Amino acid sequence: MIFDILTLFPEMFHSPLEGSILGKARDAGLIQVNLVNVRDYAEGRHRVTDDYPYGGGKGMIMKPEPIIRGIKAIQAGNPEARVILMTPQGTPLRHEVVKRLAQLAHLILVCGRYEGVDERVRDVADEEISIGDYVLTGGELTALVVIDAIARLIPGVLGDEGASEDDSFSQGLLEYPQYTRPRAFEGRKVPEVLLSGDHQAIERWRKRESLRRTWERRPDLLSQAGLSDEDQKILDEFTGSSGTD
Ligand code: 4FV
């Protein structure tokens, strides 16, 4: 997977992409990240990339020309590359979106700054993605979130076992509680079933705890989770409903 990042602050990507899993994935050639500075496509002695908003208002807006020149320069060699504008007005980033993007070969991630980008940049974007209903100082962190979430799904990035099917959201549910040594910590013991070696019982406990946690914390996810009748029976125990009502 190739990521071309259009940004005014390429240095923000250095350390997150140097260390740990993403750094190893780059070294292994499983992902390629190219940092493209928007200012390299700005004109004039001062290479201006932003200007005042027409109609007045606070802050500055990123000019369309440097961004669109940058996109076109990248597309010149990679017409299949999908252009994604990171913006609070975009499609909320969900596991389903990450899975879909992870199937692609080449993404161009456009990082806004200041009050945002000129509306005409949207004309060349294939899609817009938001990582959450809050406003950041720039799109760079959102691009890193997208790169990290996608990279985990690329075979070989998380080592041989790959992204675990039990991850939160891979089944549309929140993940079950996880424990490791010690068996008892400050009086809190690891649930006996996890020490039993009875893998069927462990699987049942884990599904039950995923359903409980999702019901308690994110009931909004249950309707899209594709629950089995078995799952529904377990949920009914939590809700105390006999499942007929
Ligand atoms: C954002 C988000 C986000 C808005 C103005 C950058 C900032 C500045 N992007 N999900 N939330 N972007 O806050 O994607 O240009």
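Which polar side-chain atom lies 3.5 Å from a nitrogen atom of the ligand? The first legend answers this. All views come from a predicted model.

View 1. The side chain of Ser130 supplies the polar atom that lies 3.5 Å from a ligand nitrogen. Backbone atoms also take part. A polar backbone atom of Leu136 is 2.8 Å from an oxygen atom of the ligand. A polar backbone atom of Arg113 is 3.1 Å from an oxygen atom of the ligand. Taken alone, the ligand exposes 370 Å². The protein buries 96% of that area.

**View 2. The shell around the ligand.** The ligand is surrounded by 17 residues. Arg113, Ile131, Gly132, Tyr134 and Leu136 are the closest. By type, the shell divides into eight nonpolar residues, eight polar residues and one charged residue. Strand 5 (82-92) and strand 7 (127-130) each supply at least two shell residues. Strand 5 gives the most, with three residues.

**View 3. Helix 5, end to end.** Helix 5 covers residues 140-152, 13 residues in total. From first C-alpha to last, helix 5 reaches 19 Å. That is close to the 18 Å expected at 1.5 Å a residue. Buried residues of helix 5 include Glu140, Thr142, Ala143 and Leu144. Further along, Val146, Ile147, Ile150 and Ala151 are buried as well. An α-helix has 3.6 residues a turn, so residues three or four places apart point the same way.

View 4. The bond from Arg181 to Pro182 is cis. Its omega is near 5 degrees. Most peptide bonds are trans. Pro182 sits in the loop between helix 5 and strand 8 (184-185).

**View 5. Positive phi at Arg47.** Phi of Arg47 is near 45 degrees, a positive value in a residue other than glycine. Most residues other than glycine have a negative phi. Arg47 belongs to the loop between strand 2 (32-37) and strand 3 (50-51). Arg47 counts as partly exposed because its relative accessibility is 34%.

**View 6. Positive phi at Tyr114.** Tyr114 is not glycine, yet its phi is positive, near 55 degrees. Tyr114 is found in the loop between strand 6 (106-111) and strand 7. Is Tyr114 buried, exposed or partly exposed? Its relative accessibility is 35%, so Tyr114 counts as partly exposed.

Note on methods: Residues numbered from 1 in each chain as written. Predicted model: local features only at pLDDT ≥ 70, side-chain atom pairs only at ≥ 80, totals over all residues. Heavy atoms only, no water. Near = heavy atom within 4 Å. Polar contact = N/O pair within 3.5 Å; in protein donor to acceptor, adjacent residues only side chain to side chain. Areas by Shrake-Rupley, 256 points an atom, 1.4 Å probe, with all protein chains shown as cover. Helix = DSSP H or I, 4+ residues; strand = E, 2+ residues; numbered from the N terminus. Nonpolar A, V, L, I, M, F, W, Y, C, P; charged D, E, K, R; others polar. Expected span 1.5 Å × (residues − 1). Buried < 20%, exposed > 50% of the residue type's maximum accessible area, 1.4 Å probe, protein only.
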